[in-house]
Amino acid sequence: MSLTPTTPTKEDYGSNDPSQNRILTTDMNVTYISLEGHVEIEKYRYFYFFMMLTVYILIVCSNCTIVSLIVIQKNLHEPMYIFIAALLINSVLFSTNIYPKLLADFLSKEQIISYEACLLQIFVFYSLSGSEFLLLAAMSYDRYVSICKPLQYAILMKKMNVILLLGSAWIVPFCHLVVPIVGDANLELCSFSLKGIFCNNSINYLFCAGSKALLTFGLVTLFNIAILPMLFIIFTYAKILIVAYKSCKEVRRKAAQTCLPHLLVLINYSCLVTYDMIIIRLESNFSKSARFIMTLQMIMYNPLCNPIIYGLKMTEIYKHLKKLFYKIRHNW
């Protein structure tokens with residue numbers, strides 16, 4: 001599986017010494033992979049645990065609060081806010097794929113994961129990453145129709161079209177990633193120590209030999225669920241900027257007010273993907289501490305920033321948040 005395909009070299013396979021590449025088996029012959037990306041876990045395990053537990057709770061609570069507001073408030077039952085809710089749900093699912101296992105590892109004597117569970121984590125990680133790009137593309141299309149084709153908005157963004165866009169955002173990455181994951185499951189492992197704190201594309205370095213077919217399919221997957229949506233987003237926002245520049249002040253205000261949060265989220269998420277590519281491609285050039293810090297930033301920033309950006313920058317959501325906090329404060 002590969003969103004950022006890599007071709008293993010002989011040096012990447014790791015040592016054949018069992019003491020260096022740990023493979024643990026049970027009576028059922030289950031293969032385990034050792035997660036070697038943790039830094040001084042014996043010394044800081046409780047600090048790591050409580051810090052990441054706090055972050056995870058904040059991610060779940062902040063995202064779910066805004067999703068709940070969108071569900072409850074009828075004036076937020078519009079395509080733009082529905083896409084925002086879907087994006088925030090995606091962030092919670094993305095975090096849930098990583099944080100529970102990560103928290104358990106901080107308290108465990110050995111940081112290991114079964115090969116099957118590792119492949120599942122990779123599948124969910126990159127499926128939801130692709131869904132994020134496709135949801136952002138759907139949101140950019142919604143803004144494009146709203147600002148550039150306002151008279152056709154009710155037709156182009158009717159309920160069925162919104163459902164199709166939402167369904168496609170989750171189904172398309174799922175279908176793209178099934179084949180590479182099944183292919184990876186059939187490849188032979190020559191190393192069992194992963195340089196990370198959770199499973200990602202670094203697993204390609206553990207295989208005895210890479211598959212050219214899987215590498216090619218990985219490039220197609222990368223283009224279809226990451227690069228192509230990114231190009232579409234850039235195109236739509238470029239058209240919006242051109243239309244807004246030529247229009248009246250009210251149109252420019254509307255464009256800035258509704259498009260800026262989406263652009264901030266896009267930039268933020270693009271940094272996450274760039275981090276992932278850098279960590280995998282240049283992992284041999286990074287110290288263990290630097291790789292550990294970058295990985296934590298990668299899984300923290302986007303899920304935390306999304307609800308903050310939409311909560312503060314989207315006027316209608318901000319109004320309802322203020323009312324909610326006022327009621328809570330008043331009741332106390």
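Biologist: What share of the 332 residues of the protein chain counts as buried?

Modeller: Buried means under 20% relative accessible area, exposed means over 50%, and partly exposed lies in between, with a 1.4 Å probe and protein chains only. Here 48% of the 332 residues count as buried. This is a predicted model, so local features need pLDDT of at least 70 and side-chain atom pairs count only at pLDDT 80 or more, while totals for chains, interfaces and linings use all residues. Residues are numbered from 1 along each chain as its sequence is written, and side-chain values use heavy atoms, with hydrogens and water left out.

Biologist: And which elements does the protein chain have, from the N terminus on?

Modeller: Helices (H or I, at least four residues) and strands (E, at least two) are DSSP runs, numbered from the N terminus. The protein chain has 9 helices and 3 strands, in the order β-α-α-β-α-α-α-β-α-α-α-α.

Biologist: How do I read the packing of α1 and α8?

Modeller: Start with the axes: they are lines fitted to C-alpha atoms, for helices over the stretch in contact, and angles run from 0 to 180 degrees between N-to-C directions. For α1 and helix α8 (residues 288-313), the axes are 9 Å apart and the angle is about 25 degrees. Angles under 35 degrees count as roughly parallel, over 145 as roughly antiparallel, 65 to 115 as roughly perpendicular and the rest as oblique. α1 and α8 are therefore roughly parallel to each other.

Biologist: Which residues of α1 and α8 make the contact?

Modeller: Contact means heavy atoms within 4.5 Å. On α1 the contact includes Tyr48, Met51, Met52 and Val55, and on α8 Phe292, Leu296 and Ile299 are among the residues involved. For classes, Ala, Val, Leu, Ile, Met, Phe, Trp, Tyr, Cys and Pro count as nonpolar, Asp, Glu, Lys and Arg as charged, and the others, Gly among them, as polar. The contact of α1 with α8 has 14 nonpolar, 3 polar and no charged residues.

Biologist: Is the crossing of α3 and α6 left-handed or right-handed?

Modeller: A crossing is left-handed if the near helix is turned anticlockwise from the far one by less than a right angle, and right-handed if clockwise. For α3 and α6 the crossing is left-handed. The axes of helix α3 (residues 115-148) and helix α6 (residues 212-246) come within 9 Å and cross at roughly 20 degrees, and α3 and α6 are therefore roughly parallel to each other. By class, their contact has 18 nonpolar, 3 polar and 2 charged residues.

Biologist: At what angle do the axes of α2 and α3 cross?

Modeller: At roughly 165 degrees, with the axes of helix α2 (residues 79-106) and α3 coming within 10 Å. That makes α2 roughly antiparallel to α3. The contact of α2 with α3 has 16 nonpolar, 6 polar and 4 charged residues.

Biologist: Finally, where is Glu40 found?

Modeller: Glu40 is in the loop between β1 (32-35) and α1 (41-72). With 46% relative accessibility, Glu40 counts as partly exposed. Its phi is near 45 degrees, a positive value in a residue other than glycine. Glu40 and Ser289 are 249 residues apart in sequence, yet 9.3 Å apart in space, C-alpha to C-alpha.
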